[in-house]
Amino acid sequence: MSDPTDPIDPTDPIDLLRQQVSDLHQELVRYDLVVWTAGNVSARVPGEDLMVIKPSGVPYDELSPESMILCDLDGNVVEGDYAPSSDTAAHAYVYRHMPEVGGVVHTHSTYACAWAARGEAVPCVLTAMADEFGAEIPVGPFALIGDDSIGRGIVETLRGHRSPAVLMKSHGVFTIGKDARAAVKAAVMCEDVARTVHVSRQLGEPLPIAQADIDRLNLRYQNVYGQQPAR
Ligand SMILES: [Zn+2]
């Protein structure tokens, strides 16, 4: 197993994941989803009961692959020089209860939080939203940090829901994905549609999209869109 003080070993899958998770944190900065040290990305180590997550309270421009923390899925540190993110228990709970999830992201991005502060789901009124979310972006329960209640709220809201994003009431966004990159994409798209639907609301009531059309758009985007592997 790698020593976090050693340089990244490109043949070590955990080192590669440290690099990926460190790089993905810069995407949160690039897309303006975080301020100060808020927000975090984690990735499940494939095939192991382990995850890589951001250290707590370290500024974004000081994050590095070496500073990422390796934890077990109870949130205990396995390797790392810092304490893990204060949201580690929530990430760990999601990985324990949703085996299909390979990445989790948390942000307090502005527009999504404005919906969360009202406890209001973002309605599915744009085709891009039908593509990525396939439904409204739902609201999860109000939950305080410190035990499993945030993780439980995420899992209870997203299990069986098409949306990879949940607005935790009066708090912020959690997103899930097959890997950490997909979860970051969902966080970026969540803020984008929360902003656009908010702006639309200033001018009137956005028009609903028929459920059958949402279903069709989502099916196509999730299965056909993008570059298909060469035959
Ligand atoms: Zn938070």
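Which protein donors does the zinc ion have, and how far from the ion do they lie? In this predicted model, the donors are the NE2 atoms of H106, H108 and H171, lying 2.0 to 2.1 Å from the zinc ion.

**Zinc site**

- Along the chain, the donors of the zinc ion follow the spacing H-x1-H-x62-H.
- Because H106 lies in strand β5 while H171 lies in the loop between β7 (165-168) and β8, this pair ties together parts of the chain that are 65 residues apart in sequence.
- The two histidines of that pair can also be described by their accessibility: H106 is buried, with a relative accessible area of 1%, whereas H171 counts as partly exposed at 22%.

**Overall fold**

- Along its principal axes, the C-alpha trace spans about 55 × 50 × 30 Å.
- When contacts between residues at least 6 apart in sequence are considered, 63% of them join residues at least 24 apart.
- The accessible surface of the chain comes to about 11400 Å², and 53% of this surface belongs to carbon and sulfur atoms.

**Helix α2**

- Helix α2 covers residues 88-97, and because 7 of its 10 residues are buried, the helix is largely enclosed by the rest of the structure.
- The buried residues of α2 are T88, A90, H91, A92, Y93, V94 and Y95.
- These buried residues pack against the strands β1 (40-44), β2 (50-53), β3 (69-72), β5 (103-107) and β8 (172-177), and also against helix α5 (149-158).
- Strand β5, one of the elements against which the buried residues of α2 pack, is also the strand in which the zinc donor H106 lies.

**Cysteines**

- How many disulfides does the model contain? The count comes to 0 disulfides, where a disulfide would require a pair of cysteine sulfur atoms within 2.5 Å.
- For C124, the closest cysteine sulfur is that of C190, and at 12 Å from the sulfur of C124 it is too far away for a bond.
- C124 is itself buried, with a relative accessible area of 9%, and C71 likewise counts as buried, at 0% relative accessibility.

**Two individual residues**

- D23 lies in helix α1 (residues 13-30) and is partly exposed, with a relative accessible area of 40%.
- Although D23 and S64 are 41 residues apart along the chain, their C-alpha atoms are separated by 8.0 Å.
- A polar atom of the side chain of S149 lies 3.2 Å from the backbone oxygen of L144, and, leaving aside its neighbours within four places in sequence, S149 is in contact with A143 and L144.

Key. Residues numbered from 1 in each chain as written. Predicted model: local features only at pLDDT ≥ 70, side-chain atom pairs only at ≥ 80, totals over all residues. Heavy atoms only, no water. Buried < 20%, exposed > 50% of the residue type's maximum accessible area, 1.4 Å probe, protein only. Helix = DSSP H or I, 4+ residues; strand = E, 2+ residues; numbered from the N terminus. Contact = heavy atoms within 4.5 Å. Donors = N, O, S within 2.8 Å, 3.2 Å for Na, K, Ca; no water. Areas by Shrake-Rupley, 256 points an atom, 1.4 Å probe, with all protein chains shown as cover. Polar contact = N/O pair within 3.5 Å; in protein donor to acceptor, adjacent residues only side chain to side chain.
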